[in-house]
Amino acid sequence: MPIQIMNIHTQAQSPFLPGTAIQFAWDSTSLGLLKTCPRLYQYTMIEGWGAEGESIHLRFGIEYHQALQDYDLSRAAGIPHDDSVHDTLRALLERTWDAETGTPWTVDPDTKAGRYKNRHSLVRTVLDYLDHFRDDPAQTYIMKNGKPAVELSFRFELEWGPRQEPIVIDDDPACRVLTPAPAQPYLLCGHLDRVVSFSDDLYVMDRKTTTSTVSPHWFSQWNPSNQMTLYTLASQVILESPIKGVIIDAAQILADSNRFVRGFTYRTPDALHEWMEGLHHWLRLAETYATEGSWPMNDTACDKFGGCRFREVCSKSPQVREQFLKSDFVKLPESERWNPLKPR
Amino acid sequence: MAQNELDLLMDLDPLNLSAADLDAIISYHRAARAKRAEGSGRAVRESGPKVNLDAVLKNIGVGVKAPGARLKRRV
């Protein structure tokens, strides 16, 4: 499987082929949308429908990850735990402060999300995590270039790309049909939180926050998992080293405390190969949907992950769906839509 | 430090927070965590002796019947 690591661009280009709905740059989020339900993918990726206002879960997750990344970099630079915690929390407080209005990041405390995920619980969760894993046997891997493997953005080409329209040469007596080689190969993109060395093996480390109970059942969602398999594959490409799988550090956010549980998910080379074969089929399917301009609804996935946000819309008659989309969602500007090519 | 003092510190512009203020925020959360851990430990210790269910039922006059003969299926 020849693949090539590309330089990361600084500006976000469109992940779609110009003038088409054919996506050539994919990450685990957009691929997950397609696999879950092509209609969910259409509404989110193609048409850019999104919820009005900021997602509490998204902001909380971004700040949590940024804080842990700050800490990891600080520790990799040899700064002691307490000083690293101090610097990490100060930066976190500053990021969650609106200097223009002179107010902190606030959420609606009457919603479930706001009750559990707010600025207070964010500071508490970051501090609790860092103290909980203070003497962590999983150590940040130092790459061959001497840099710590923290918040690694990846982007690599696959050996195939979207199919091009066939060219029919009319004046040819045999009326030959030529299919030109794809000009744009598919790209796989994403971001890895961290790569760690643990018990003489390398793992990707991914941190999750949840308000659900973290149990063996909760961990079972990560195998099979589109995201974790892609992360394992990508890390092997980036580091050119065998990676056993992903360590998942789950933070269960409770009303006034946290619970941390560490889990492991492994991928064999055969499992990675199988995933790549499946990816080929999925991307060809996405091309077909885009060419036909029709993304069918997977009506067995509507109750996944606590219920699809478009469930109400999809439950309406097709003639009135657009009206319901417009009343419940906003069409996000290009810059705010999910884009696998957007740099972090 | 009390909860309302923490709230006051959290509502300050972070650029105006001194190192001592930040230490106070960290100390508050660590102390709260220790207190919760202590509380959960006490709850386990104070769980008390096991209840003798038979004796309780006897005292309140509820007898425990012996299981009856199994029903025979009649075709």
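## Secondary structure of chain B

In this predicted model, chain B contains 3 helices and 0 strands, where helices (H or I, at least four residues) and strands (E, at least two) are DSSP runs, numbered from the N terminus. Along the sequence the pattern reads α-α-α. Of the 75 residues of chain B, 5% are buried; a residue is buried if 20 or more other C-beta atoms lie within 10 Å of its own, exposed if 12 or fewer, and partly exposed in between, with C-beta atoms placed from the backbone.

Residues are numbered from 1 along each chain as its sequence is written, while chains are lettered from A and ligands numbered from 1 in the order in which they are written. Since the model is predicted, local features need pLDDT of at least 70 and side-chain atom pairs count only at pLDDT 80 or more, whereas totals for chains, interfaces and linings use all residues.

## Confidence

The predictor's confidence in each residue is given as pLDDT, from 0 to 100. Chain A has a mean pLDDT of 92, and 92% of its residues reach 70 or more. Within chain A, the pLDDT stays under 50 over residues 4-9, for which the model has 11 contacts beyond four places in sequence; two residues are in contact if their C-beta atoms, placed from the backbone, lie within 7 Å.

Chain B averages a pLDDT of 72, and 53% of its residues score at least 70. Confidence in chain B is highest in helix H1 (residues 3-10), at a mean of 90, and lowest in helix H3 (residues 53-59), at 52. The pLDDT is below 50 over residues 43-51 of chain B, a stretch that has 1 contact in the model beyond near neighbours in sequence. Where pLDDT is low, the predicted coordinates should not be read in detail. The model scores ipTM 0.85 and pTM 0.85.

## The contact between the chains

The contact between the two chains takes 16 residues from chain A and 12 residues from chain B. On the side of chain A that touches chain B, helix H4 (81-95) and helix H6 (119-132) each supply at least two residues. By class, this side of chain A has 7 nonpolar, 4 polar and 5 charged residues, where Ala, Val, Leu, Ile, Met, Phe, Trp, Tyr, Cys and Pro count as nonpolar, Asp, Glu, Lys and Arg as charged, and the others, Gly among them, as polar.

## Helices H4 and H6 of chain A

Two packed helices are described by the angle between their axes and the distance between the axes. The axes of H4(A) and H6(A) come within 11 Å and cross at roughly 160 degrees, the axes being lines fitted to C-alpha atoms, for helices over the stretch in contact, with angles that run from 0 to 180 degrees between N-to-C directions. H4(A) is therefore roughly antiparallel to H6(A), given that angles under 35 degrees count as roughly parallel, over 145 as roughly antiparallel, 65 to 115 as roughly perpendicular and the rest as oblique.

In the contact of these helices, Val85(A), Thr88(A), Leu89(A) and Leu92(A) of H4(A) meet Val123(A), Val126(A), Leu127(A) and Leu130(A) of H6(A). The residues of this contact divide into 7 nonpolar, 1 polar and no charged.

## Backbone features of chain A

A cis peptide bond, with omega about 0 degrees, joins Asn223(A) and Pro224(A), and Pro224(A) is found in the loop between helix H7 (216-220) and helix H8 (226-239) of chain A.

Glu151(A), which is not a glycine, has a positive phi of about 45 degrees. Glu151(A) is found in strand E7 (residues 150-157) of chain A and counts as partly exposed, with 17 C-beta neighbours inside 10 Å. Ser199(A), also a residue other than glycine, has a positive phi near 50 degrees; Ser199(A) lies in the loop between strand E10 (187-198) and strand E11 (201-210) of chain A, and is exposed, with 8 other C-beta atoms within 10 Å.

## Two further residues of chain A

Lys331(A) lies in strand E14 (residues 330-331) of chain A and is exposed, with 12 other C-beta atoms within 10 Å. Not counting residues up to four places away in sequence, Lys331(A) touches Glu47(A), Gly48(A) and Trp49(A). Lys331(A) and Thr44(A) are 287 residues apart in sequence and 9.3 Å apart in space, C-alpha to C-alpha.

Tyr186(A) is found in the loop between strand E9 (177-178) and E10 of chain A, and counts as partly exposed, with 19 C-beta neighbours inside 10 Å. Leaving aside neighbours within four places in sequence, Tyr186(A) is in contact with residues including Phe24(A), Trp26(A) and Leu283(A).
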